Amino acid sequence: MATSGFKHLVVVKFKEDAKVDEILKGLENLVSQIDSVKSFDWGEDNESHEMLRQGFTHAFSMTFENKDAYVSFTSHPLHVEFSAAFTAVIDKIVLLDFNVAAVKSPVVVAP
């Protein structure tokens with residue numbers, strides 16, 4: 001099975017008083033400024049049963065060329081600065097960092 005990059009997956013539950021819209025804008029701004037981030041997706045859960053969700057509300061996924069690019073991202077000054085603000089508003093978090101096993105590539109739809 002071929003690998004196609006390195007993935008950083010974050011699943012969080014924000015604290016009750018968190019200004020989630022500001023955090024999301026800050027995260028989108030962050031990834032747009034750091035070239036090692038090849039793709040970024042996020043979403044808010046609105047379908048799972050609470051029992052299965054376990055309180056987690058948002059998921060964030062970043063793709064990098066390889067692990068070295070991810071390591072470079074984690075030490076980037078903008079990431080270090082943003083991480084302090086992000087961590088301060090997190091109630092619960094799960095992080096997974098892994099090489100991507102390419103099984104089925106996304107379909108690209110022509111315009």
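Reader: Which residues do ring pairs link into a cluster?

Author: In this predicted model, ring pairs link F14, W42, F60, F82 and F86 into a cluster.

Reader: How many aromatic pairs does a search of the whole structure find?

Author: The search finds seven aromatic pairs. One of them joins F64 and Y70, whose ring centres are 5.4 Å apart with 70 degrees between the planes. Planes over 60 degrees apart count as edge-to-face, and the F64 and Y70 pair is edge-to-face. Both F64 and Y70 are buried.

Reader: Why is the pair of F64 and F73 tilted?

Author: Planes under 30 degrees apart count as stacked, over 60 as edge-to-face and the rest as tilted. The planes of F64 and F73 stand at 45 degrees, so the pair is tilted. The centres of these two rings are 5.2 Å apart. F64 and F73 are each buried.

Reader: Where does the charged end of K92 sit?

Author: A charge may sit over a ring if it is within 6 Å of the ring centre and within 35 degrees of the ring normal. Here the charged end of K92 sits over the ring of F56, at 4.6 Å from the ring centre.

Reader: Which residues make the nonpolar surface patch?

Author: V94, L96 and F98 make this patch, which covers about 230 Å². Of these residues, V94 lies in strand β4, residues 90-101.

Reader: Why does V94 count as partly exposed?

Author: Buried means under 20% relative accessible area and exposed means over 50%, with partly exposed in between. V94 has 34% relative accessibility, so V94 counts as partly exposed.

Key
Residues numbered from 1 in each chain as written. Predicted model: local features only at pLDDT ≥ 70, side-chain atom pairs only at ≥ 80, totals over all residues. Heavy atoms only, no water. Phe/Tyr/Trp six-rings, centres within 6.5 Å; stacked < 30°, edge-to-face > 60°. Buried < 20%, exposed > 50% of the residue type's maximum accessible area, 1.4 Å probe, protein only. Patch = residues over 30% accessible without salt bridge, like charges linked within 9 Å, V, L, I, M, F, W, Y side chains within 5 Å. Areas by Shrake-Rupley, 256 points an atom, 1.4 Å probe, with all protein chains shown as cover. Salt bridge = Lys/Arg side-chain N within 4 Å of Asp/Glu carboxyl O. Helix = DSSP H or I, 4+ residues; strand = E, 2+ residues; numbered from the N terminus.
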